[in-house]
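Student: Please go through this structure with me and set each label against its cut-off.

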Amino acid sequence: MGAKQTKVAQPVGVTRAKYSNRVVLKTILGRSDGGLGLVGERVVIGGWVRSSKEETREPLPPSTPRAAEGVGKTGPRDVSSVELLQSRIPFFRSILKVVRRGNCHVPEKFEQVVPRPLPTSIALLHVGDGSCVASLQVVVASAMAPTIQLLPTGTCILVEGILGQPLVPGKHVIELKVEKILHIGTVEHEKYPLSKKKLPFEMLRDYSQFRPRTTTVASVTRISNSLTFATHTFFQNHGFLHMQVPIITTTDGEGFTEKFLVTTLLGKADKMEKPNTAKDSDGVGLEVIKSAAKEKAKLVEELKRSESNKEALVAALQDLRKTNELASQLEVKEKSKPETSLKTYKINFSEDFFSFQTYLTVSGRLHLESYACALGSVYSIGPRFRADRADMAEMSMIEIEMAFSKLEDAMSCADDFFKFLCKWVLDNCSEDMKFVSKRIDKTCIDRLQSMISSKVEKISYTEAVDVLGKVANKKFEIKLEWGAALTAEHLSCLVEEIYKTPIMIYNYPKEVKPFYARLNDDGKTVAAFDMVLPKARILLSGSQSEERLDLLCSRIQELGLPREQYEWYLDLRRHGTVEHSGFSLRFDHMVLFATCLTDVRDVIPFPRSYAKANN
């Protein structure tokens, strides 16, 4: 028989991280007693300083871990040798009187033999490690490390010490008395952006690498993480299979979106054709510039009418101004040099990486159909991209596709999924939601609860137009006519003033929905829907897909889409076609709704928008 292995006993109540020696702060501060049951435990913790101050205190007597399991919250505290000696002074005085009678020379005041230690400087650090809202108070004596290294906000520390109750009762019910410093990650205080208190979100966006160290963004991230887990839980529990769709694609997933082109040829002049044309020195003709100026002017007008962010409007105005200036300069050049012949470059995609044009995907639903038509029900979570100056360039989307299902099935699934997410946040992110309620919006918890209990109102597009047309004393900036897209103003009126509950609008005009949405019998509308929440936010968009080959081909031709790019998609109708439906949920907007923030850029870890991609 081999030697008997000895098991090392672990301290009661402390849970260490599996892949490091440190104790995650949530396991201390997240307890119902705030950590009091762990008094006397020796732990290693790591984190970043949120706030700090320097104090002068009487030196703290060394503590020892509790020796037995039976020491509880109210058990006796450890007694130092100094305290023990001082408590026996009356007894020693009695002995001295007896000795004095024997004419022995002994000092009159025995107390002077035990000198009182001098006060020392300590650093009080409030440390967080991202696992919870609360922070742990960490006490470090100046003798261990210069306080100038420890006090700056953002300093990283890894320390070992004993958990105990603060000498002065206050906000913290437990603190860590440091006995050993294992690591200090210092901060250049003057350059560190979070040194300033309460930076506005607009400024924080320029420092995406540091934003998660703020309490608000940390809470948003934990809520976002929980919603991701909830998504997998919901669909796995309902028999869906998870899969990834390609980021690079040859097709436009909707038929009318602005796409990002993927190429490796830009800047490689030796791989480009160089025809001579009468254009400006940058290879762009005057007519092209004028046409671009018109489009930019339209965009500016749309941004002014909508509730888009101010930064996008300012950027669009600057872009329009520059384009008009360039057009004016080209006109002057053409008048002075009417026969100018300059070079322009044309990309030869046959020599590109893929040998044809490819784009970043705007939607994964077309690719999901391939798997739904073989496996039944599938879902995907991932980034989607749109070259739209009025919206985010990169967004996280949850997309699903279900075989043998119709529009009503997709709407029912969307309703159940949304309510599941709301309940999950309330059940699993209680501390973070309390913080959101305190710091951002007092109504956030009540609003999520109302979403769970409320019935989603379902109305057709035609009904929505009729209802809006009958609203008394209401003039919309954009005149509402059947066939036009509903604006944020229209949606806000429907959700917040008329129905006062989330709504699903279905059977949209075919002109405003993707080409693959199934054509209804009236020939004018398609089986598509949007789910609209308060604050005029479209969270979900879905449809029943067109399974009839001839009608799908007609829609592709109507929109002038290159049919050769969709042959693989048409094959699904040629071979074993089936009714199927699905939807897309804008995940970032779900996080925005749950946290009650106002700008989606504040819930995206690294936001990408027009003219903004700084890391």
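Tutor: Start with serine 355, found in the loop between β12 (346-347) and β13 (358-360). Helices (H or I, at least four residues) and strands (E, at least two) are DSSP runs, numbered from the N terminus. This is a predicted model, in which local features need pLDDT of at least 70 and side-chain atom pairs count only at pLDDT 80 or more, while totals for chains, interfaces and linings use all residues. Residues are numbered from 1 along each chain as its sequence is written, and side-chain values use heavy atoms, with hydrogens and water left out.

Student: Why is serine 355 called partly exposed?

Tutor: Buried means under 20% relative accessible area, exposed over 50%, and partly exposed in between (1.4 Å probe, protein chains only). Serine 355 has 38%, so it is partly exposed.

Student: What is the phi of serine 355?

Tutor: Serine 355 has a positive phi of about 70°, although it is not a glycine. Most residues other than glycine have a negative phi.

Student: Where does lysine 500 lie, and is lysine 500 buried or exposed?

Tutor: Lysine 500 is in the loop between α14 (488-499) and β17 (503-509). Its relative accessible area is 65%, so it counts as exposed. Lysine 500, not a glycine either, has a positive phi of about 55°.

Student: What makes tyrosine 566 buried?

Tutor: The relative accessible area of tyrosine 566 is 1%, so it is buried. Tyrosine 566 is placed in the loop between α15 (549-558) and α16 (567-574). Setting aside neighbours within four places in sequence, tyrosine 566 is in contact (heavy atoms within 4.5 Å) with Thr251, Asp252, Leu366, Phe515, Ile556 and Leu561.

Student: Why are α6 and α10 called oblique?

Tutor: The axes of α6 (residues 215-237) and α10 (residues 407-428) come within 9 Å and cross at roughly 135°. Axes are lines fitted to C-alpha atoms, for helices over the stretch in contact, and angles run from 0 to 180 degrees between N-to-C directions. Angles under 35 degrees count as roughly parallel, over 145 as roughly antiparallel, 65 to 115 as roughly perpendicular and the rest as oblique. The pair α6 and α10 is therefore oblique.

Student: How many of the residues in the contact of α6 with α10 are nonpolar, polar and charged?

Tutor: Residues making the contact include Phe229 and Phe234 of α6 and Phe417 and Trp424 of α10. The contact of α6 with α10 has twelve nonpolar, four polar and one charged. Here Ala, Val, Leu, Ile, Met, Phe, Trp, Tyr, Cys and Pro count as nonpolar, Asp, Glu, Lys and Arg as charged, and the others, Gly among them, as polar.

Student: What makes α11 oblique to α12?

Tutor: The axes of α11 (residues 430-439) and α12 (residues 444-453) come within 8 Å and cross at roughly 120°. That angle makes α11 oblique to α12. Cys444 is among the α12 residues in this contact.

Student: How do you know that cysteine 444 and cysteine 596 are too far apart for a bond?

Tutor: A disulfide is a pair of cysteine sulfur atoms within 2.5 Å. The closest cysteine sulfur to that of cysteine 444 is in cysteine 596, 4.8 Å away, and therefore too far for a bond. By this rule there are zero disulfides. Cysteine 444, at 1% relative accessible area, is buried.

Student: Why is α17 called largely enclosed?

Tutor: Nine of the nine residues of α17 (residues 587-595) are buried, so the helix is largely enclosed by the rest of the structure. Among them are Phe587, Asp588 and His589. Just after α17, cysteine 596 has a positive phi of about 65°.
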